[in-house]
Structure formats: C-alpha cells, structure tokens
Amino acid sequence: MAPKPSLRTELLLNLAFLAAAALLLGVGTIVAVQALAPDLSPGWTLPLIFGVVALDVGIFIVFGGYLVRRHILRPLGRVIAVADAVAAGDLAARAPTAETQDFAVLAERLNRMTDHLLDAQGQLVRSEKLASVGRLAAGVAHEVGNPLSAIGTYLEVLRRRGGGADAEVMAGLARELERIDTIVRSLLDYAQPREEGLQPVDVTLVVGAAYHLLRAQGAFKAVQTTLDLPAGLPPILGRAHALEQALVNLLLNAVDAAGEGAVVVGARRWAYETGHTAPRRSDDPAIAFFERGTDRRPSRVDYAAGLPGVLLFVADSGPGVPPGDRDKIFDPFYTTKEPGHGTGLGLAIVARTVDEMGGLIWVTQAREGGAAFKLFFPVVPPLRDAERGPGGEALRDAERGPGGEAGGEV
C-alpha cells in the first residue's frame, strides 16, 4: 500500500496547479486583448480585463474552497463527530481513515485513545467485579460456614447414636453436606487475596507439571492430548503453584468438553496486541487460515502495545463457548454445565488468580472447533543497575531496601 501524502504536500501541489492555471489565464487574457485591441473600442478593453480577472478570482475561490473542504473540513468534521460520540459514552465509535497522512495519523491516534479508554473501563469493571463479588463471597462463606459446621456436628452425633436412622439417608445427607462444604471452600478461595509476592516462574516447568500430573492420574484416557511447548520460553512473574492449579482446572474443563476429541495445551513467546492475529503452533503449516472473531481482546492500562510476554493456551474440540457467553463465563456461579455438574466457581477462581498475577485471560474459538482459553503474562522485566551486586549478580530480596532498591542493614 502506497504511503499517503501529507496535508502540506497535497495543498501545495493543488495550490501550485491553481496558481499556474491562473497565470496561464492571465497571460492568455493579455495576449487576447492585444490581439483584439484594434477591433475593440476603447470603452470595452478595461471591462474585459476586469471581467477576466473576476472570473480568475471566482475560479480560485471555488477551487480553493473545494480543496479546503476535501482535505481539511471534511476529515476534521469526521474526527470531531467521533470525538463527540466517544465523549457521549459510545466507545465503539471509530474515526475513519483519511486521504492525507496528517488526518490519517490523527484518526489513528483518536482510535488508539478510545481503545485505551475501553481497556481502562474494562479493567476497572473487572477489578470492581472481583472486589465486590469477593466481599460477597467472603460474607456468604462465613455466614454459611458456621451453621454448616454445626449441621455436620449434629449429623455425626446422629450417626454415633444410631437411633434407627436410615443409613442411606445419612449417607445422602453427608454427601450433600460435603458438596456444600466444597462450594464454601471455593468461595473462600475466590474471596481470599493472595498476599505472597510474585516470583519468576518457568512456564515450561509449570505447564509440563500440570499436564503430566493429570496424565498420571488417568484424566486423559478418553481424549487425544498434545503438549505444545517450544524451547527457550522466558520466565514470567507469578506464583507457580497457583498457575499450575489454574491450568489443571482449565485442562479438566477441556477434557469434559472434548468428550472423545482432542485437547491441546501449550505456550508461546508472544508480544501482546489487542488485535486478532493468533500465535502459531509448532505443527502449523506454512500457510494456515483459521476463522477468528472480531471482538477485541481484553487489556490492562499497564500494557503497552507489543508488550513482550508468554501466551499459555488450553484448547479443545468440544462445543466451544458462544460469543455471547465469553464475557460472562468468568463470572462466579455462571456455568454452561448441566445442573449438579459444576459450581460455576472454577473459571472465576482462575480469572482472579490470573488477574492477581498481573495477567489476562480470555476465551476464543479454537482451531480444533471448541474453546481456546488463553492466558497472557508479561515476561520478567530486566533488573535495574540498583538491583545488581558489584559483580552484576541479582540481589536477593533480603538485601534490598524499601521499594525494591538495594539497601543495607535496617
């Protein structure tokens, strides 16, 4: 695609053309008057010259007005209309491109600003949702946990006393109490903030550990699984155990959804963008096309375009997640499983874990036909000079002062 001309170049070229045309018209007028001077009466010569000059000025005004409307007023009006729409709350409005480079860049900057506002709004909504639901979950877990413990105690007393209670009824009560207890513990896991700090995590080891753990337990017997891990993945900041548990949760969901199909888990070195270009897998052909949606990925205000990181993915060949459910699937108690087969807290806990580690999670359509859950984490930032020892080695956390800076004894 050829580069667009700048507004200055476009105006100068058109004005130069207009000036040349005006000059040629003036010279032609003089030549014509001189040629017709013998045949014209003295009273017609001056009006003819003024008439031609007036025509020349009129053409200049009309053509100049067209240039101003085409190259300045019209694209500026479109940008102003989009800016007004964004100010009114329509963050889906986007400025169209323009013929000149200057207004095309202005439209691109406005669209980028709108995208950042959309990202900031989305992150704020996610944070508020996590906080409010977390407080609600903690309160519900506390209020339900106490009477639940009392009911369990009474049930145990009844079991020990006998009293002619039906063993099948007692077993059913114990089973349902255990189910409620599991839900309460899941609520506590969702509500409790993680206080431990983030550490460099080897993605290859974590993904491999989650995969081999479930394979050893026989969770993959009914499906065809693929572990896609290239060499040389950079470390990320996170919590290894929490990330492994999140991957285990996603893998178990993928196995349930795939039936007797396929499940793929892996990771890729990736630069984050809000666009839609999918990272390639190691077994992809040289030229491959996969159907993708048009929804933007979620983002964070602290993510710059092209932020280097690692993308983890768990994909399956199941029925997938409908586009209308992709924003709600990480909400607590929202589940696509049949009643009694899921609490709707697993993905909510995964989303909260990823958010607390500074990452993002979203779901798209997998190239296997089902759902593809994708987790992005920035790579470990390079150490600053103040975080290195005299020989260039990294200082331990205990050797750093407040704020992570190198410090001595306190």
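Select arginine 352 to begin: at 12% relative accessibility this residue counts as buried, where buried means under 20% relative accessible area, exposed means over 50%, and partly exposed lies in between (1.4 Å probe, protein chains only). The term salt bridge stands for a side-chain nitrogen of Lys or Arg within 4 Å of a carboxyl oxygen of Asp or Glu. Both residues lie in helix H7 (residues 346-356), 4 residues apart, about one turn of the helix; helices (H or I, at least four residues) and strands (E, at least two) are DSSP runs, numbered from the N terminus.

The model is predicted, so local features need pLDDT of at least 70 and side-chain atom pairs count only at pLDDT 80 or more, while totals for chains, interfaces and linings use all residues. Residues are numbered from 1 along each chain as its sequence is written, and side-chain values use heavy atoms, with hydrogens and water left out.

Next, select arginine 268 and aspartate 228, whose side chains form a salt bridge at 2.9 Å, N to O. This pair links distant parts of the chain, 40 residues apart, with arginine 268 in strand S4 (residues 262-272) and aspartate 228 in strand S2 (residues 224-228). Arginine 268 is buried at 9% relative accessibility, and aspartate 228 is buried at 6%.

Finally, move to glutamate 108 and arginine 109, which form a salt bridge with their closest N and O atoms 2.7 Å apart. Glutamate 108 is partly exposed, with a relative accessible area of 34%, and arginine 109 is partly exposed at 47%. A search of the whole structure finds 3 salt bridges.
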